[in-house]
Amino acid sequence: MPTQVVSNEEFIPRRQNPQQQQVEHLIGQMAEEKSKKLGMDRRTFMASAMGLAACFVAQNKVFGKVWDVDEVETMEPAAIEEKFPKGEYFVLDVQSHFTNGVSLHFRNMEFMKNMGFNLKDDAEAYGYRNFVKEMLFDSETEMIVISGVPTLEKQKGPDGKTLEGKARTPGFSILPSWLMSEAKNELNTLAGSKRALCQGNLAPNHYWNKATDSIDKAATIEQMERELNLYKIDSWKWYCHTDPGFSGHGFQLDDDNAQWFYDESRKRGMKLISVHKGYSYQSKTFGHLANPKDVEKAALRNPDFNFVVYHSAIQHGSNEPNWKESNKYDPTTGDFEWHATLMDIKKRNPQINNVYCEIGSFFNVLVIADPIMAMHGLGKNIKNYGSDHVIWGTDCLWWGSPQWAIDAFKRFQISDEMCDKFGYQKLTKEDKAKIFGLNAAKLYKVDVKAKRNALPADTLDRLKVAYVESGGQRSNAAYGWVRADD
């Protein structure tokens with residue numbers, strides 16, 4: 001469990017706040033004391049389920065009753081297994097990433113060096129091999145959606161021939177569509193069963209006719225058919241606030257170009273849109289387009305499409321200075337930007353049934369930064385959209401292994417006081433089962449029962465057994481760097 005914000009290479013992290021310092025201090029105290037009683041070294045204790053339970057106990061001592069954890073779980077693994085048996089939930093993570101064999105190069109930027117940092121610019125931690133290890137060997141995640149990062153694919157070479165594979169992204173590309181497709185196919189072939197799905201990066205502003213300042217429809221359709229028929233993507237992934245095609249524009253879900261895209265995609269059978277909303281700092285120019293207000297018209301106009309709103313649209317992350325004030329967080333109502341905008345859409349349109357709130361880099365960030373805001377965020381998602389419209393995602397590999405977040409969500413509960421005051425509902429096991437994977441399974445047409453039956457015999461599980469028997473162990477690392485001071 002992280003005890004302060006860790007940079008995932010996309011931002012400068014804030015320093016540890018006093019409450020996080022207190023949690024970290026308590027964890028250290030308990031680890032020292034309990035590891036000695038158990039006759040093990042501190043590192044081994046902290047890498048165990050008992051060590052993670054100690055983290056939850058420490059958080060409860062600082063923030064109040066947030067986690068369902070008993071002191072006995074810090075000393076007896078059997079107590080944890082009895083209470084939270086492995087495999088109890090089908091876990092489908094709809095937001096997972098790795099990089100295209102490269103570092104994000106953030107650490108080599110001049111301003112980083114000027115700040116006094118001298119960090120290794122290592123791509124291995126973010127690469128495909130480690131992605132498989134962290135996501136499928138070192139967590140209870142049973143299926144993954146390899147999630148897009150905006151990339152433009154070059155369609156033809158100088159000779160006019162269609163380019164393939166790496167030749168389509170000759171420059172810097174984090175995670176292009178062709179690579180997500182290759183990784184999906186490799187994993188499913190290795191497993192002998194479906195363990196991975198993938199998204200496509202194509203969006204309405206990727207191929208642009210600068211002479212007419214309009215969408216290049218022919219090139220867009222060519223790429224659309226390639227991604228659907230060759231890459232066999234399972235969803236589109238859109239970032240309205242980015243401009244990979246150098247159009248000079250971002251776009252909105254409810255503009256004319258997006259509607260044209262829906263119409264063409266509908267003809268070809270793809271009607272699932274996953275869209276990044278929130279975290280507006282990622283673009284100083286187009287950050288305002290990460291506002292989810294455009295979801296309303298798009299969802300109403302296209303009721304046969306489903307829209308998965310990533311990050312539940314939180315505008316400012318806890319990595320930013322004065323992030324609560326910037327989010328206009330109101331403790332008397334529990335509202336904050338732009339999450340409140342997403343909630344208001346459903347309040348105005350109770351008939352909307354095709355919008356889903358995804359919680360990657362939302363739940364797992366808020367529970368570290370401010371567990372009360374996490375209660376408000378999950379509580380309002382469920383109160384307004386229903387537990388059948390909340391989707392599990394973690395944004396890992398950016399944050400390392402997702403296992404701590406899985407354990408956290410198993411234990412997470414909304415307090416009685418919050419339920420009474422704000423009209424939230426206590427989270428049931430049925431709610432958690434839906435959120436962990438059953439809701440996404442419906443969207444992606446995954447046969448959950450078939451997957452459960454297939455898992456004991458699939459290759460990845462056999463490899464995992466060999467990995468564990470040979471001493472394999474989660475690193476429990478959150479990839480990135482932390483801020484020592486301001």
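Among contacts between residues at least 6 apart in sequence, what percentage join residues at least 24 apart? In this predicted model, the share comes to 78%. The protein has 486 residues, and 60% of them are buried.

Eight of the strands, or 8 in the order 1-2-3-6-7-8-9-10, make up an open sheet with parallel pairing. Strand 1 (92-96) and strand 10 (390-391) sit at its edges; each has a single partner strand, so one side of each goes without a neighbour in the sheet. In general, the strands of a sheet pair through backbone hydrogen bonds, in either a parallel or an antiparallel fashion.

Strand 2 (residues 143-146) is a handy place to look at the pairing in detail. It is joined to strand 1 in the parallel sense over 3 bridges. Across that pairing, Asp 93 stands opposite Ile 144, and Ser 96 stands opposite Ile 146. Strand 2 is also joined to strand 3 by 3 bridges, and these two run parallel as well; here Val 145 has Leu 197 of strand 3 as its bridge partner. Both faces of strand 2 are covered, with Met 143 and Val 145 buried on one side and Ile 144 and Ile 146 buried on the other. Helix 7 (residues 177-191) lies across strand 2 and strand 3 (196-200), and runs at about 170° to strand 3.

The loop between strand 2 and helix 7 holds Gln 155. This residue counts as buried, because its relative accessibility is 12%, under the 20% cut-off. Leaving aside residues up to four places away in sequence, Gln 155 touches Lys 161, Thr 162, Leu 163, Arg 168, Tyr 207, Ala 219, Glu 222 and Gln 223. One of these, Ala 219, is 64 residues away from Gln 155 in sequence, yet the two C-alpha atoms are 8.3 Å apart in space.

Over to the helices, and helix 15 in particular. Of its 9 residues, 9 are buried, so the helix is largely enclosed by the rest of the structure. The buried set includes Trp 404, Ile 406 and Phe 409, along with the charged residues Asp 407, Lys 410 and Arg 411. These buried residues pack against helix 3 (49-63), helix 4 (77-83), helix 13 (363-369), helix 14 (371-385) and helix 17.

The structure holds 21 aromatic pairs. In one of them, Phe 409 and Phe 436 have ring centres 5.0 Å apart and planes at 90°, so the pair is edge-to-face. This pair links distant parts of the chain, with Phe 409 in helix 15 (residues 403-411) and Phe 436 in helix 17 (residues 429-443), 27 residues apart. Phe 409 is buried at a relative accessible area of 0%, and Phe 436 is likewise buried at 0% relative accessibility.

Technical notes:
Residues are numbered from 1 along each chain as its sequence is written. This is a predicted model: local features need pLDDT of at least 70, side-chain atom pairs count only at pLDDT 80 or more; totals for chains, interfaces and linings use all residues. Side-chain values use heavy atoms; hydrogens and water are left out. Rings of Phe, Tyr and Trp (its six-membered ring) pair if their centres lie within 6.5 Å; planes under 30 degrees apart count as stacked, over 60 as edge-to-face and the rest as tilted. Helices (H or I, at least four residues) and strands (E, at least two) are DSSP runs, numbered from the N terminus. Buried means under 20% relative accessible area, exposed over 50%, partly exposed in between (1.4 Å probe, protein chains only). Contact means heavy atoms within 4.5 Å. Two strands pair if DSSP finds at least two bridges between them. Axes are lines fitted to C-alpha atoms, for helices over the stretch in contact, and angles run from 0 to 180 degrees between N-to-C directions.
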